Amino acid sequence: MADTPLVQMRGITKRFGGVTALQNVDLSAYAGEVLAIVGDNGAGKSTLIKVLTGVYQPTEGDIYIDGEKTEFSNHADAAKAGIDAVYQTLALADHLDPAANMFLGNELTKKVFGITVLDNKKMRSETERVLMERLGVRLKSLDAPTDSLSGGQRQAVAIARAVYHEGLRVLVMDEPTAALGPQETARTLKLIKALKAQGLAVILISHSLDDVFEVADRVHVQRRGQCVGVALTAESSTQEVLGMIVGAKEDAA
Amino acid sequence: MNTAVDTDYKPPLSERLEPYMAVIAPLAMIIAIFLFMAVASPDRFYRISNLELILQDAALYMPMAMAMTFVITQRGIDLSVGSVAVLSAIIMAFLVKQYGFSIYVGIPIALTIGALLGLINGLVITRFNVPDLIGTLAMDLVYKGLALLLAKGLVLARFPDILTEMGRGQTPFFIPTPAVIGILTMVAGYYILQRTHFGRYTVAIGSSPESAELTGIGVKRHKVYAYVLCGACAALAGLMLTGKQNAIQATMAPFFNLHVIAAVVVGGTSLFGGRASIIGSFSGVLLLAMMLNALVTLRIEFFWQPVASGFVIISSVALYAWIQKKDRDGAGGWFADLKTSEGQKLVRFSALLIGTLIALLAIGGVFAGDIAPSG
């Protein structure tokens, strides 16, 4: 692991009117690691990643990339800096085929008689290449609409869209396994490991501690808007993390 | 290339046919009409002049059906195409007949006005957040009113040859000129759908507006584009109509809206958005034109036409809903849930309503007095 975190959030506070969603939260993620963010509903997980991906601006606190202070005024800024997210809904257009979805909003084009048209062939071959090379996924048919794919395959298409950008360094995944069966979950966790091996920092939000302990290197525990601890999965247990989530430790003390 | 074809999974025939239903369904109905007419009235239906007439009628609706496919695929609807067509044609007619404009300027002006009216529709819907249905219905009234104000019941007639050529001309081949125009717009629509950002985003927006927004697509902007396309194509249809009749009047084109929407929906474009079929819309237009022509050929009273159109719309939408399994929630067929208590209540309610009407008619009949002529 490198000494300087790839991305670091320091003293992040976010208030919505009188409600404090995040209070003085620190978070750092390194290249080639999976950082899990866990916590109960309303613990501030989603707000935290929305600040990281530029959707929200922090009330206080700063974000550092490679040790340099950065500011995101919107999601596009964060994407430019190499931070992207795969949403729980995946943001796929179900009637379009995987290639169209992978390049949605960012289509490859070519010129035909001076007119710019979509290069469907190139998008298809690129989709096939990225799915294979980066994620080790091979779809049976690239012509079928996306809603005919399985949950795991849809996940793969959404991830492929994020990793296609050469500059991607931090990938945030919001509850990627929430809607999946056991087999699909295993496949998605495999994808996450593959991304980690490629040197990405993966930030995983999950309710499933089993998944977290399978893929994550560290666990960041949120409770009532605050970070109550960061544990190394190798040196911790689900019991301990669960205790931190529900606040058993504090109450006992 | 997709060499990794799975051989151990074969979906049932109905599922494999599903993507092609948009073409198969109208085609089956077209063939059915052909077969029926071969028995019912072969001598009059199969005349070359009659087939050309069908193409000429269908041609009028082709540009609008193409554009409406985009609007409906984006989960929108445009109920103003009829009055946009008439208003832009009337403005063109005034400029040409009263102000001496050249027809070669008049035609582009009409198309631009159509696009502008479409722009107004689009802005009303996206900027003021008026639902498509209400927004375009209200604008339909506005445009129709303006057309009546301008023309004041006048019939403007006798236009330069180019316009009549657009409306009822004949190419040296079998196909009439308007059909050539219509087919060209359809081909253009097919390429726009497959090969341009606008086409791609149209499907994405209809498929999931939220996802489209998340991926950075200008959802509102592309909605406006679809209405502009619809307006311009309606103006083109207005020009073709003017040429066909060699006259234009504010009260023309009353059935445009529903006819166009019917053709698009019959062609398998989903009213729920995301599923577009230009080829389907093309077959839908042909089917409706053939159906109406068959009614005329069979000398069925004109007023049955809207009844027949409505029937075709309902049956095809129901068919697609059934294919899409939207109502296959384990209840079995269409009539299976009549046996449930919920279904029974509805049956009793319907029976009560029908019974009341019969009773009222009976009372009226029993106590009927002398007939007072309404004139």
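Leaving aside residues up to four places away in sequence, B:His222 touches B:Gln74, B:Phe198, B:Tyr201, B:Ile205 and B:Ile217. The model is predicted. B:His222 sits in helix H12 of chain B and counts as buried, because its relative accessibility is 4%, under the 20% limit. A polar atom of the B:His222 side chain lies 2.9 Å from the backbone oxygen of B:Gly218.

Helix H12 (219-245) of chain B also supplies at least two residues of the lining of the second largest pocket. The other chain B helices that each do this are H4 (48-73), H13 (256-266), H14 (278-297) and H15 (305-323). H4(B) gives the largest share of that lining, 6 residues. The space in the second largest pocket comes to about 730 Å³. Of the 30 residues that line the pocket, the closest to its centre are B:Tyr61, B:His259, B:Leu292, B:Phe302 and B:Gln305. By class, the lining has 17 nonpolar, 9 polar and 4 charged residues.

Turning to cysteines, the count of disulfides over all chains is 0. The sulfur of B:Cys233 has its closest cysteine sulfur in B:Cys230, at 7.1 Å, which is too far for a bond, because a disulfide needs the two sulfur atoms within 2.5 Å.

| Residue | Relative accessible area | Class |
|---|---|---|
| A:Cys227 | 26% | partly exposed |
| B:Cys233 | 7% | buried |

How values were computed:
Residues are numbered from 1 along each chain as its sequence is written. Chains are lettered from A and ligands numbered from 1 in the order in which they are written. This is a predicted model: local features need pLDDT of at least 70, side-chain atom pairs count only at pLDDT 80 or more; totals for chains, interfaces and linings use all residues. Side-chain values use heavy atoms; hydrogens and water are left out. On a 1 Å grid over the protein atoms alone, a cavity is a set of points where a 1.4 Å probe fits but cannot get out, and a pocket is an open set with protein on both sides within 12 Å along at least five of seven lines; lining residues have an atom within 4 Å of a point. Grid points are joined across faces, edges and corners, and a volume is the space filled by probe spheres set on the points. Helices (H or I, at least four residues) and strands (E, at least two) are DSSP runs, numbered from the N terminus. Ala, Val, Leu, Ile, Met, Phe, Trp, Tyr, Cys and Pro count as nonpolar, Asp, Glu, Lys and Arg as charged, and the others, Gly among them, as polar. Buried means under 20% relative accessible area, exposed over 50%, partly exposed in between (1.4 Å probe, protein chains only). A polar contact is a pair of N or O atoms within 3.5 Å; within protein, one must be able to donate a hydrogen and the other to accept it, and residues adjacent in sequence count only if both atoms are side-chain atoms. Contact means heavy atoms within 4.5 Å.
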